[in-house]
Structures are given as C-alpha cells and as structure tokens.
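Keep the viewer open as you read.

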Amino acid sequence: MNKNHRVQSSRSLSAVEVKSKFGAEFRRFSLDRSKPGRFDEFYGLLQHVHRIPNVELLVGYADVHGDLLPINNDDNYHKAISTASPLLRLFLQRKEEADYTAFGTDSLTRKKNTVLSAVLLRPDANRKKPPVIISLPRDFRPVSSIIDVDILPETHRRVRLYKHGQEKPLGFYIRDGSSVRVTAQGLEKLPGIFISRMVPGGLAESTGLLAVNDEVLEVNGIEVAGKSLDQVTDMMIANSHNLIITVKPANQRNNVVRSGGGGGGGGASMPMHIIQNFPVDELESEDEDLVIEADGEAEPIRRAPSNYSMPSLPRYEPHLNLRAATTSVSSSALSINANGTLPASGSSGSLSNTNATSTTSSPDRATERRSLEEDGTVITL
Amino acid sequence: MKRFRRHGQESQRDRLKQELFQFNKTVEHGFPHQPSALGYSPSLQLLAIGTRSGAIKLYGAPGVEFMGLHDENAAVTQVHFMPHQVELVTLLDDNSLHMWTLRGHKGLSELLEIGRFTLTGPPGAPPSVTRVTAVLAHASGELLLLGTEGGHVFIVEVPGFRELEERNISLDQVAASVPDDYIGRRNLEHVEALQENPINPNQVVIGYGRGLMVIWDLEKQCAIQHIPATQQLESVWWTEDGSYILSSHSDGSYCRWMVGGEDVNEEEEKSDIPYGHFPCKAISKIIQLPTEEGPPFLLFSGGMPRASYGDRHCITVIHSKTHVALDFTSRIIDFFVIRDGLQHTGDPSALVVLVEEELVVIDLQTDCWPVIQTPYLVPLHSSAITCSHHVSAIPLKLWERVITAGELQHTHYSKKPWPITGGQNLAPDPPQRDLLLTGHEDGTVHFWDASGVCLYPLYKLSTAGVFHTDTDPNDNMNQGAEGEWPPFRKVGCFDPYSDDPRLGIQKIHLCKYSGYLTVAGTAGQILVLELNDEAAEQTVEAKVVDLLQGQEGFRWKGHTRLDVREEPVLFPPGFQPFALVQCQPPAVVTALTLHSEWKLVAFGTSHGFGLYDYQQKNNVLIKCTLNPSDQLAMEGPLSRVKSIKKSLRQSFRRIRRSRVSLRKHHVNNTAKLQEANARLEAELAEMELAPVQRKIEARSSDDSFTGLVRTLYFADTFLSDSSHNAPSLWAGTNGGCVFAYMLRLPPVEHRADEPVTAQPAKEIQLMHRAPVVGIVVLDGHGAPLPEPLEVAHDLSRSPDMQGSHQLLVISEEQFKVFTLPKVSAKMKLKLTAVDGSRVRRVGVAWFCSSRTEDYGESGLTVLTNQGDVHVVSLPHVKMQVQYPCIRREDVSGIASCVFTKHGQGFYLISPSEFERFSLSTCHLVEPRCLVEAPLHSGSSNQHRSQPDGASSAHRTRQESEDAGKKSVRGFKESQ
C-alpha cells in the first residue's frame, strides 16, 4: 500500500501532506520532505494554522503501524516527516488535558481503534482516571539500544545506555575476574572486567541488555584490556551520560541473529531499537555545561561554532537547517532545552535570579539553585 | 582535520617536542628510607649507606652523591670500602656479596656493580656453614675475609672473588688449639667479628659469638693467641698501637685485653659494665681512639640499664672527665669517627652516627660537642610532611633575608665545616634560586634550598606559638636533670609525634616578590605572615568566618577550633604572623591563594570559600558551597579514623613524657599502646573485608563533598565585558562547579579605608561534574596570566590585554577551554573518558628549547592517578608527551607531587625522601661529580691508616623488631 502511494506521485516524494486535528477541527497543509525545518518552527506553525497561538500543545502522530507517537523534538519530528507516506496525521491535545496513556508502541493495531477514538472523540470528557502514568510523553526517548550489530562478532553485544536527563541510576557494579580466551597458544586465562551486580530498578537492569557476569570488553569504543578496575570505573563514569559498553554476555542464547530476516531483534528479550552503523561522531555527544551569568539567564554552554543539534539522542537523518519550509514561524519566543523538553513555564524563570546579582546572599541562591537541580530540567543536562 | 595535516608539519612539531621535553628522574633528596648499613672510606672521604630495599648510596662533599640498586630486592646488611681503593663490597640479606666501583666516564664518575659472589660450601654442608656474618676488607686491598655462621673464615681474593681455599681458617683448626679450660670450647658459635692488627695486617682477630677471640696469623696460618672471654661477644676493636684488644659483650660490659704474643695465659686487663649494677643491654659496638696528647676517646653504642633505659638509643662518648650518653630518637644503625690529618690518623674530629631516621654528625673538637648541620641526608620527615609548595627564581633580596633568619636559628650548630669532603662536585651552579617549602604535621613550615642537588635546610617557621596547644610548656625533654645518670643528651631532630594534629599545615602560598606568606592548616586556620628581620612581640587577632552562612541542620563532629593566644607573643626574626582567619566549622583548608598586589587571601574548605582582605583585616566575601544533604561533609571528614589516630598519638605522648618523669609506669603505657595498635589493626581489617567491586554511577549533585573547594585563582581579566578588565576571583569545587566573582578594589590611595567588594559574576556547572582541580586564565596570546607583582618587578612581560582572554578549567577528567567574557566552550581534551586516568596534580610550566635559547612555550604539567606525567600544550590543550613516573599503587607518592614553574617536580618516594624529576630538556638538576682513586701512600709500612671506620664488627640486629609496623615501600623500580 505504501509502495503504491510512492509510485503514484513523484510529487509526494518531496512534499508531505499534513492533516492536523485539534479537538474537532482539521487543518491540512503540506511540508517539504527534504527540508522539514526544526521542531520549534513546526510547533509554531501548528499553533498558527489552528489559530491557537497561546495554547500549550501535545503533538502526536500516527506512524505507519498506526501507533500514536509523540512529536516533541527535532528527532521524532524528522522521523515523523520521513516516514509519512504521504499523509502525516497529527493529533493535537491541550497539554493540560492530554491523555498520556494514549501514546506508546503497544497501542499498536490491537488497540488502534479504541486509542484513536479515545483521542479523537473524547479529548477532554469522561476520561477515566488514567491507570499508572509511567512517564510523561515528553520524556519519551530511547533509554538503551543495541548498536553496531553488523560489525561485531555475534557473541558480543554493544549496548548504549542513555543516562541523559534521567533520574534513574545507571545501576550496576563491575569487578575483576578472569576469562578464558582462545589464542594462538591455545586457551589462555586472562584478567577481565565483569558486571558483578545490578541495582534493582536501575537503568542497566531495566533494559535487560546487561546481566551479571557479562564480560566488559570496551567502554565507548576503547578496549578495557590491560586496564585496572579503577581505570575502567573511571572511564565508565566519565562517559556515564552516554555510556556504550561492549560486552560478551554470560548468556549467549539471546544473541542477535544477524541474518534473521527483517526483524533484527533476537526475540522477545530484545524489544529495543536496533540502530546500525552508529555515526562515530555521535560518541562526541556534547556535554553542555551550564553557565549562570550574574545578570540572569542560565544557559547551557554550546560549542561556539556548532550548529544546534540534539546531541545525545540518536539522529536518523542528517540535519538540515532550513527555515524556508516554514514561513511564518513564531518560534522566537520558544526555545528548546538541551534535553529536548519544552521549558515549562517558569522553570527557567527561577534562574533569572535577581538575588544573584544583588549581594552575596548565598544561602538563598544555593537553595534556589538546588531546587533547580532537583527538578532536573535545567541543570541536569 | 588532523588526519589531513601535512606530513611536514607533524614531523616539525615532533622535532620541537624533542627539543622541549624529556623525562628524567634526576636525584633523590632527603634521608634514605630504612637504612640498614653504613660504611666509610677515610681515604676517599666517602660515606656509604645501604638500605633495606637494596639501594646503596654514596655521599661525599655536598653535591657529590651516587646511587646504586642491587637487582636482588634484599636488604644491604654490611658495606665495606676496600682500603685505598674506589671499590666497595656490600653484603645482602640473601648472603650475596657485591663489588661496586666508581668508574670514570666522560669526566664524571659512575657507581657500577662489577661483580657478585656467593660462598659455596662443601657439598652436603648446611647453609649455615657459608652464611656470612662478618666481613673484613683486608688492608692489602686484595683479600676479603668472610666469617660465617658456621664459625669458619673464608678467604676470597678480590676483585674477581676467587676463593683461596688453602688459606681458609676452619672452625676445626681453631677449636683444636683452644685451651682446655675454656668454658665454651665445645661450641664457639658463629664468627661475630673480624679485625686486623693496625700495625701488622697479617694478624687478624677472629671473635666468636660465644666470646672466644683468636688472634690468627695469616702468613703462618696458625693461632697466635687466645682470648678467653666468657660473655656473648658483640664487637671487637684493636687499638691503634696494636697492643690492646677491646671486646664488648651482650651483658653491657666491655673488656680490654693485652696483646702479648707469646704469653698464652693472657689475663683480662680491665673489665667494666659502664651502666652497671642492674642488668644492662648489650654494647653492640665499641671504638677507642687515641689523641695526640691526652687521654683517648672511648665510644660505644648501647649498654643502657635494661629496665629503666632499655628503650633508649644511645651512644656513649667518654673523653677524659667528659662522659655523655648521646640520646637518639630512633634506632642506631652504625657509627664511625672521622680523624684529622692527611693519613686520617690524627685526633678524632667528628662522630658520624647513622640512626634509622637521620644522620647525626657531632663535632668532637669543639666544647660541648655540638652537632654539625648536615648539608644533605636531612630528615625531611622530622615531623611528617603534610604538604609542599615550590617557588622558582627567588629574588636575591628575599633569599638573603630568609637565610639570615635561618642562620639565627642555627646558632646551636657547630661552626666547623662539613667533615666529609670526598669527590668533586662538577655540576654547574644552579641557574636560579629555588625554594621548596614543606608543611609538617606539627605546624612547622621548613624552607629548603632546592636550587641544586643538595636539599639544604634554610629556615624553619613554627606556627604553633600562635595557639594554645595541649603541650606542657615544661615538658622540655632536651635536658636531663642535673647529676642524672646516665648523663643523657638529646641529639637529632627526628620527632614524629605531633602534639596537636590540628596544627598540621595543609596549604602554603608564598609571594616571592613581597615576602608575604600564607599558610593554612587542619583546623581551618589561615595565617598571613610577613617577613620581618627583627624580633617582634605582637598579638595575632583571629577572625572567625562562618562558612555555613546559616545553613540549617548542621552538626560538626570533627575537631574543635584551635584556641588562639590572646596575649602578645614574641616572634623571632623571620616570618611573623599578623593576621589569622579561622573557618567555622574548623574543617581542613583545601584551597588557598594569595594576591600580594591586591592584598587579598582566598581560602576554601569542604563547606565553602572566603576572601579576606589582610590590609584592612576583614572579610570581603563568604560563600557556602555545601549541599545541605551532604551529611559526610557536615560531620567532618573521617572523624572516626582521626580519633583512633589521636588516641594513638596521645599514648605515644604519654610514653614520651613518662620516659622523663615516671620511669616505672612505662610498662603500663606500652600496654596501652599495644591496645591502641590492636584496635587500629582491627579497624583496618574491617575495611579490607569490603568486596572488590566498583559502582558505576554518574556523578550527581547529591554526592558527598561536592561543595569541597579544590582550587582558587585570582585573575585580572575580562569577566563581564570585553572592553574592561577587572580583578576577579575564581573557585572550583569537587562537584565540577566554577564560581567567578568580580572584585572591586579601591584606588591605591584609599586602599586602607574603602572596602573591597566582590560580586558574583558567573557560575559554571560542568556537565561531567568531575572535581575542578585547576583554573587558569590565558591572555590574548594564549599564555597564562603572570603571577601578581611579576610584571611590576619586570620579570615577566605584561599579559596581552588586547586579544580576547580564555578560561581554562581543568577537572580531574578533562581540560576545557572557554571563551571570555561570554563563557562558551571552545576546545577540550578528554582524559578519563579515553584512558581511565584522572588528573591528580597540575601546574603551569615554561619549557625552553634545548636548541635555540629564544624559543619557549608554556604548557601544563599533569600527574594522573595512574602515576603518569603528561605535558599538555597551551592554549590548544593537546597532549604532547606522556611518561610513566610513579607506581600507580603509590598513592602517597602521587599525592605528594609538586611541580615547579620550569617543568621539574618532586614527589615523596618514602616518608623521608623526595625524588626529583624533570620534564624539561633545559632545567635538570642532577649530580655530576668525580671521585679519583686515592694515591697510594708511599710508606707501605703505614699501610693501614685506619680500618674502615664503620667496621665489620657491627651487624644490623633487631631488624625484625620493628619491621612489622611500618609500611614497607619499595625503592623506585626503574633504576
């Protein structure tokens, strides 16, 4: 079906039809597929076409499988644009009345109708108390992935943990140990580093990709052979915001089967995204230090000449910075924090501390700053 | 980018690197750790010290020193110079003998091992037969006599170690001729001592452990005389004229025997137990030396009454009516006496004593026998070193004033020059005057001349006088009471027991241009001192600074603040304190800096930091950096461990006092000490039970000690806008946070009355949250800003204020350059993420090219927790070179490292020794010296002027006694 569409019109390759629904109203417009622009521009465009400039929105779209997925940053926006074929169906909700439970991959075909109808037909009425809110959709982002499947031996697994902006601890321990390797001289016992413990509820455990007694072979592309436990610990901590560990799993039964057509996942134990050929420069995911100037605004430091990017989130397509596609964008008022969240009203406002400039009223500032740290939006980058 | 750079540029840079950087370990300063043997060559005038880790070190005139390391990692038990030669023989714990020589090479001498040898007994013999217990380097210079545990004497030809089996003196040969009435004839035991007759080298006396001494003729191969001593033998001495033999024994007695020749039934001429009546400890070595006119000198070690003074380490010197028991603070290893005259046969001039923790030289020709200041081998650890600070290129004025102040402190030393003068120091004069300041646990700061090979003590500053401590001012241990017996006299400066650990010095900063010094200590005290050439009596006013700024819920469980003396205190000429800040809570000061031009001192602890104006004596700024949930920092770091240490220290102190006053109670105190030791050990065992696993977790703002201030920095730079530079203060914390304050200083004419103000300007939270260990501002040319007053003294060009400045923040994990005044990241160098090592120490250094004098560049010298040193270029933060320097297990060595401004560095290889290293091709301080073989004296009769001073008789005993307690540290591995 998809193929048909593509063949049908060469025009549709360059343009994306957008059908946007807010409440009972539909708007239709088109976007240039090759120049989607940025999410904030797109967001402004939506507010503009629906004539709801001051309404905080949650933007969702139906993907090819019919899942309702959120659009809240450049990456998933680009993903949405690139996968739309050709129609991109958008569902807008007021932020304050959003039904978060509607989102998710599991809302797949089996629940498709009910979910969509829930969103479409009863946007604000007779909602039951949502069961358990696992996380806000705006926080949706990958937490882990298996990468480089095609270049690694099948017995190894390269796991990426996205600690980025998460409250969840990485949650594992490593130890010294010895592993048996096959060498030219036969079997040889060599010292190695192993995962010794998982913290229940930690990121490492929750991904299911790492396990106790897995041998750690590399940390962010650097071999650990010959390094001490303390060195490896320090390396992992230094890379903790974007940790890529290559392990030799103790349990070799769940390995990725490379030739396993299409699916790529090795069964139910691995439902995660499998991203192949991860760009190397992605490892340089920029840590953005925070600077608080005396005269107010806190801002993440960026590399002076760099173009804006969403650093530690995977990018599926090279980014093209084009404003041409979206014309009347009122995005200047909006900014996106480094972790891709829209600034909640006032969250950065508290940073523009006039106290800071006035005197040495340090305790006030300290507590104030701490409260910022705690809500995790600004400082914990 | 890099990948496409042209080849030529790469190699050009590589060549430049070779001209700028090279790594050398150049010299070891201080006192060798765990010395175990002493030797002296009167003809070479060289002193040799062997250590338990197998090192051998030779010292002559100041600057003349050699070092060698045995491949076997065994203790050196004996060192003997071959008479009138440049060879020396060492005996190791593993029973191997080694021959070393000083060989000339390119006009310099080198210490080289030229042979090794182990005695082989007859097949099937027990190892004791060949276990060497006594060594005599024969006056002929061709023979070694080796006495063994089995009682045999083996004769070996050197060099070459050829056994002369036909000349061996076996136990059977000797036993056959022992008089029948001799009590111990059944078992003579091992050979304890070997000595030759000073006037007839063919006669040697063999002393057996059981007490019997046999005078043996090497030519005729027969016994000439038997001396039937019945007490366990400790040492033997043949007097100068050859007519008497002195023997010392394990019961604290010594005997004098006439050497008769034909009279077999020799009688004991004189026997004495000098400290007798009650049982005494052994006299381990005895020496008697004649004087030109007058009575001889008698010197012996040990012999103290067992019960009351058995724990003293004493050498008794008796000359005419003078009788002194020199009381050392650590165990005596060995001693020898230096004699006057060309042939070294004149009057005794100096007594040289090697004790476990220092070398003491006593002038025997000046009344009262004062101590001669040692120009090297100085015990750096007279009180434990707690920090060090290096200042390069001291202006002459300050240098002279420090020396003058120091000379006033050295008045009790002998005026005589250093008596060990062998070899020539060929090292060029040091290009500049460098000071190394060491802070100590007892609150003293020692100033060392670190310009050359000898680390020479210049001046000692004590800060304890400012405070009331719990020491008893009457607890003066240096002088015993009138008429006390034995007549003790304390000598030596090793005193490891601090009276109050809070006095410990943690940070030092000296401004070499103004002579202002600031030191900070364990109990949050910050003293500002000024160099004054006159003594002055003054009150030091304390200013208490509350770093918590009203944080709630705080309970400090650490030590209390030091109690300041309110009455005026008399300070001797030198550095005199005039201002004191006390942090509240009184946590250890973790960062300190001084700006003498602005007259400001900045200090930080685990709770926050402050800025103090020492001209107006008030606080300008207090900033609390403590995270309120940080319980550990609140309670005071390691309060539990400290308390154990404290109780140990108190028990030591009690013991020390009791030595002087109440002798009887001392057993009781030892029990207490043992108890404390046991407790400490239990504590340590508990710690070691923790499984070896490491938690992997990102740093968070809730980690402990994130607020601990690691570094403070003053800079005149562009903090708020790019057109106006202004004074600023920067602080970096353990949590990866950098605070910047803009300072406003009143104009010079109003400096005394208008307030200095500080305004917060910036705050940078590093995303990776690693501790910030260094902050540097680079000028428009990318060069680090000069030190305060450096430009005013025309010693540095002015910084470039036209181009934009940059901020370099060095965390434990990475080097990061930011633009100024708008802070945005420009470049960085990641260290930990790439190789797992972390920055422990960092300094800014200037490297000159070895090829052209006019080229140089500044760089960062970095020491990592893996013990590697790196040079990182400025301003591009590129890794230049990397060398392994310290073993990564050597945590205290790594922690003690200090860099100089010219690419050298120091670190402790033991509590008492600094290793000096250099990363620079131009600034190298290493010994360059020449020792020439002595001319053989024409008169072959007067063959032997004096036997090897430290004779073979004295073996290191008690070695196992205290081996357990001390942490045994290996010598540096690569030698």
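Phe39(A) and Tyr43(A) sit four residues apart in helix H3 of chain A, about one turn of the helix. Keep in mind that this is a predicted model. Phe39(A) is buried, and Tyr43(A) is buried too.

A search of the whole structure turns up 26 aromatic pairs over all chains. In the case of Phe39(A) and Tyr43(A), the ring centres are 5.8 Å apart and the planes meet at 45°, so this pair is tilted. For a contrast in geometry, go to chain B: the rings of Phe117(B) and Phe161(B) have centres 5.0 Å apart and planes at 5°, so they are stacked. Phe117(B) belongs to strand E9 (residues 108-118) of chain B, while Phe161(B) is in the loop between strand E12 (153-157) and strand E13 (162-163) of chain B, so the pair ties together parts that are 44 residues apart in sequence. Both Phe117(B) and Phe161(B) are buried. Chain B also has an aromatic cluster, formed by Phe23(B), Tyr883(B), Phe899(B), Tyr907(B) and Phe917(B).

## The sheet in chain A

Back in chain A, five strands make up an open sheet with mixed pairing, in the order E2-E1-E5-E3-E4. The edges are strand E2 (25-32) and strand E4 (68-71) of chain A; each has a single partner strand, so one side of each has no neighbour in the sheet. From one strand to the next, the twist averages 30°.

Strand E1 (residues 15-22) of chain A pairs with E2(A) in the antiparallel sense, over eight bridges. If you want a spot to check by eye, look for Lys19(A), which stands opposite Arg28(A) in E2(A). Helix H3 (residues 39-49) of chain A packs on this sheet and touches E1, E2, strand E3 (57-62), E4 and strand E5 (87-94) of chain A. The direction of H3(A) makes about 145° with that of E2(A).

## Helices under cover

How many residues of H3(A) are buried? The count is 10 of the 11, so H3(A) is largely enclosed by the rest of the structure. Just after H3(A), Arg51(A) takes a positive phi of about 55°.

H4(A) has seven of its 10 residues buried, so H4(A) too is largely enclosed by the rest of the structure. Asp74(A), Asp75(A), Asn76(A), Tyr77(A), His78(A), Ala80(A) and Ile81(A) are the buried ones. They pack against E1, E2, H3, E3, E4 and E5 of chain A.

## Cores and domains in chain B

Chain B is divided into domain 1 (33-118), domain 2 (131-272), domain 3 (278-377) and domain 4 (837-929). Domains 2 and 3 of chain B have their C-alpha centres 24 Å apart. Their contact takes 15 residues from domain 2 and 16 residues from domain 3.

The largest nonpolar core has 36 residues, and those with the most contacts inside it are Val317(B), Phe328(B), Leu351(B) and Ile362(B). Several strands of chain B each supply at least two residues of this core, including strand E24 (313-319), strand E25 (322-328) and strand E27 (348-355). Domain 2 and domain 3 of chain B both give residues to the core, so it lies between them. Leaving aside neighbours within four places in sequence, Phe328(B) is in contact with His313(B), Ile315(B), Val353(B), Val355(B), Val360(B) and Val491(B). Apart from this core lies another, of 35 residues, among them Val776(B), Leu820(B), Val872(B) and Val877(B).

## A loop residue in chain A

One last stop is Asn251(A), in the loop between strand E12 (243-248) and strand E13 (274-275) of chain A. Is Asn251(A) buried or partly exposed? Its relative accessibility is 35%, so Asn251(A) counts as partly exposed. Asn251(A) and Ser196(A) are 55 residues apart in sequence, and their C-alpha atoms are 14 Å apart in space.

Notes
Residues are numbered from 1 along each chain as its sequence is written. Chains are lettered from A and ligands numbered from 1 in the order in which they are written. This is a predicted model: local features need pLDDT of at least 70, side-chain atom pairs count only at pLDDT 80 or more; totals for chains, interfaces and linings use all residues. Side-chain values use heavy atoms; hydrogens and water are left out. A nonpolar core is a set of buried Ala, Val, Leu, Ile, Met, Phe, Trp, Tyr and Cys residues joined through side-chain atoms within 4.5 Å. Buried means under 20% relative accessible area, exposed over 50%, partly exposed in between (1.4 Å probe, protein chains only). Domain bounds come from an automatic or database domain assignment. Contact means heavy atoms within 4.5 Å. Two strands pair if DSSP finds at least two bridges between them. Axes are lines fitted to C-alpha atoms, for helices over the stretch in contact, and angles run from 0 to 180 degrees between N-to-C directions. Rings of Phe, Tyr and Trp (its six-membered ring) pair if their centres lie within 6.5 Å; planes under 30 degrees apart count as stacked, over 60 as edge-to-face and the rest as tilted.
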